[in-house]
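Here is a short note on the model you sent. The points below are meant to be read beside the coordinates.

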Amino acid sequence: MPNQTRKDTEIVARIHEGDREVLIDLYKQYEAMISNHVFQNSGNEDDAKDVLQDTLVALWQNVRKPHFELTVQLSTYLFAIAKNTWLKQLDKRKRLKGENYITGREIADSPNVGQQMDYSIVRKAMESLQDKCRNILIMFYFDGFDMKTIAAANGLASASVAKAKKHQCLKGLEGIIKQNYSASDFYLNTES
Amino acid sequence: MPTMNLNDPRIESYLNEEMSEVDAQNFEREAKESPEVWDHIQFQQFMIQGIREEGAAELKDFIANRITEEVEDDFTSRNIWWSVAATLIILAVGLGVTYKFQWLDGEAKSVVAKNDVNQGSEKSALQKLEPQLSESDESKSKSATADTFLMPEIIADNEESSDAMVEAPMNEDVYASPLKDDARSDRGRQMDGLDKNKEIRSVNVAPFIVSAIELNSNPRSKVAVAENKAENSKPNAKRKMESSILSDTIAGYTGKSRVAQNAEGDEISSNSNSSPSFKKAKLEGTKQFLITLSEQSGITKPQVFMGGQANGKINLTLWNAGTSDILIFHLGDEYYLQLGNDFYYLPLIPGSTANLKPVADRAILEKLKQ
C-alpha cells in the first residue's frame, strides 16, 4: 500500500472495528471536495448531502467486506465512489424523465439490475421483527460482523447461538413477507 | 436431473458471498438446474439486499443526525459566544448611558441648583441678612440697597444643591448651550489651563459680578467699597454681587468729574460739565468681572483664569480662593484682587491661568487697605 497514508490506515482500521464515528470525521474532511463535484455537475446542496452519505455508506460496506484492501489513497478512493454514486443518480433521473438513452441490453447487463426489485417490501417487513432480530440481521448482512461480535452485542451466549438466532430471524422475515405480499409485488413497475 | 436440494450447505456460503468467484459461478449453474432451489436462492438474495438497504438507510440516518448535532452544537457554541459578546456590549452601552445620564443629571441638578440659587437666593439672603441689617445702621442699609451699590446675594447652604454642584463635572458638551450664563462656556476653556488629572469641583456659589473699584483719585469710591465690605465680609457669607458700581473717571480724566453708575451704566451722579465723549470714556474705563469660584484638589494656592469677555464683563475663574469675600481694585495701571484679608496682583491675560502673586509693596497695600 505505497500510496496509503498512515491516517488512511487508521481510518480503515477504525471502520474494521465498527467505529461509526469515523464516518463523521470523513464527512467533515471530504464535504467540500465531494460537494464541489456535485455542484459542478448540475447538483444542488441536497444532492451533495445525499452523495456524501451514500459514498460513506459504500465505503463502510466495502471496507468491512472480507479481504478488502485499499490500494490507492483514501481520498482518491472516496472521490471515485462519489463520482460513481452521482453518475448513477444522474442516470436514474434521466431514465425517470424518459431520456431512455440506456438501452434495454445495457440495463440487463448492468450490475444494478437488482435495483428493479422493490426492496421497500423487505424494509417494511423488518419493522415487524423484534429489535434483536433486526439488529442481528443488519449486523450480519450489512455490517458484516462475525457471529462472535454479534453474540456479544446482542447478549447471546455464543457465536453458534447467534448463528441459530440469525437463521431463525431470517425465517421470520420470510414468513412476514410471504404472508403480506405476492411474488409480483417484489418487482418495481418499470413501465413509467 | 437436479441434484441440489434446499438443505444444501453451499447455499448459505453462496448467499454469504463466502465462495470464490469460480466456485460461485459453478454453484449458480448447478442451482439453476433446480427451479425450486434457484427460486429459494433468489428470494433469499432479495431479502438480504433489502436488509442491506435497511442497514444503509440506518447508517445514513446516523451520519445525518450526527452532522446535524455537530452543526447545532457549533451554532449553539457560536451563539453562546455571540450572546456573551452581545451581553457585554449591552452592559457596556448600558453603563455608558447610565453614566452619561448620571452626568447629565448631575449637571442638570447643578444648573437647576444654580437657577434655584439665583431665584431663591434673594429670599435666603434676606433671611440671613435680616439680623445683619437690623444691626447695621440705617444709612448703611440704604447705601447697600441703593442703585449705587447693589446688595450681593448670599447663597444658602443648601446641602442638595451643594452636592449636585460638587458632583457635576465640567464639560463643554454639557455646557454646549450658552444659556444666559457666560461662565458656562468658559468652563471648558478653563479646563485647558488646569491640570485635568486633578479633581475639579465647582464651589456652591453662583457666578457673580464684581466691578473694579477705581482707587486712582476718587476717595468716595473707597468709602463705598468699605461699606460694601462691611456688609458682605461676614464669615462664611457667600454672595453674588449683581452689580457694584461706583465708578469714577479713568486715569486720563482724574479730578475732572465723579460719576456713579448703576448696573445698566446710567449715570446717577455726574458733573454737569461733563461732555459726551467724557461719559463714553468713563464707561469704557469701568471694568466689570463675572467671577466663578472653583476648587481643584491638590492645589492650595489661589489661581485665576481669565476667559473671554461677554456683555461687557470679563469672565474670571478663581481657583481655590478660599473665600467669597472678593473685591477688585484698579490702581495705576494694575488691577488688584482682595480675597478676604489678602491682596493679590490680578494679571489680566486672556486665556491663561496664573498663580496669584501677593502684593508685597507696602505703599500699594496701604492704599488698598484704606
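1. Overall make-up. This is a predicted model. Chain A has nine helices and zero strands. Read along the sequence, the pattern is α-α-α-α-α-α-α-α-α. Of its 192 residues, 27% count as buried. Take contacts between residues at least 6 apart in sequence: 63% of these join residues at least 24 apart.

2. Helix 2 of chain A. This helix covers residues 21–40, which is 20 residues. From first C-alpha to last it reaches 29 Å, close to the 28 Å expected at 1.5 Å a residue. Past the helix comes Ser42(A), with a positive phi near 65°.

3. Helix 2 against helix 3, both of chain A. The two pack at an angle of about 130°, and their axes are 9 Å apart. On the helix 2 side, the contact is made by Leu23(A), Leu26(A), Tyr27(A), Glu31(A), Ile34(A), Ser35(A), Val38(A) and Phe39(A). Helix 3 contributes Asp47(A), Ala48(A), Val51(A), Leu52(A), Thr55(A), Leu56(A) and Trp60(A).

4. Burial in helix 2 of chain A. Which residues of this helix are buried? They are Val22(A), Leu23(A), Leu26(A), Tyr27(A), Ile34(A) and Val38(A). An α-helix has 3.6 residues a turn, so residues three or four places apart point the same way. Leu23(A), Leu26(A), Tyr27(A), Ile34(A) and Val38(A) are buried and also take part in the contact with helix 3.

5. Helix 4 of chain A. Residues 74–96 form this helix of 23 residues. Its reach from first C-alpha to last is 33 Å, close to the 33 Å expected at 1.5 Å a residue. Buried here are Leu74(A), Tyr77(A), Leu78(A), Ala82(A), Thr85(A) and Trp86(A). What do the buried residues of helix 4 pack against? Their partners are helix 1 (6–16), helix 2 and helix 3 (45–63) of chain A. Gly98(A) follows the helix, and its phi is positive, near 90°.

Note on methods
Residues are numbered from 1 along each chain as its sequence is written. Chains are lettered from A and ligands numbered from 1 in the order in which they are written. This is a predicted model: local features need pLDDT of at least 70, side-chain atom pairs count only at pLDDT 80 or more; totals for chains, interfaces and linings use all residues. Helices (H or I, at least four residues) and strands (E, at least two) are DSSP runs, numbered from the N terminus. The expected span of a helix is 1.5 Å times one less than its number of residues. A residue is buried if 20 or more other C-beta atoms lie within 10 Å of its own, exposed if 12 or fewer, and partly exposed in between; C-beta atoms are placed from the backbone. Two residues are in contact if their C-beta atoms, placed from the backbone, lie within 7 Å. Axes are lines fitted to C-alpha atoms, for helices over the stretch in contact, and angles run from 0 to 180 degrees between N-to-C directions.
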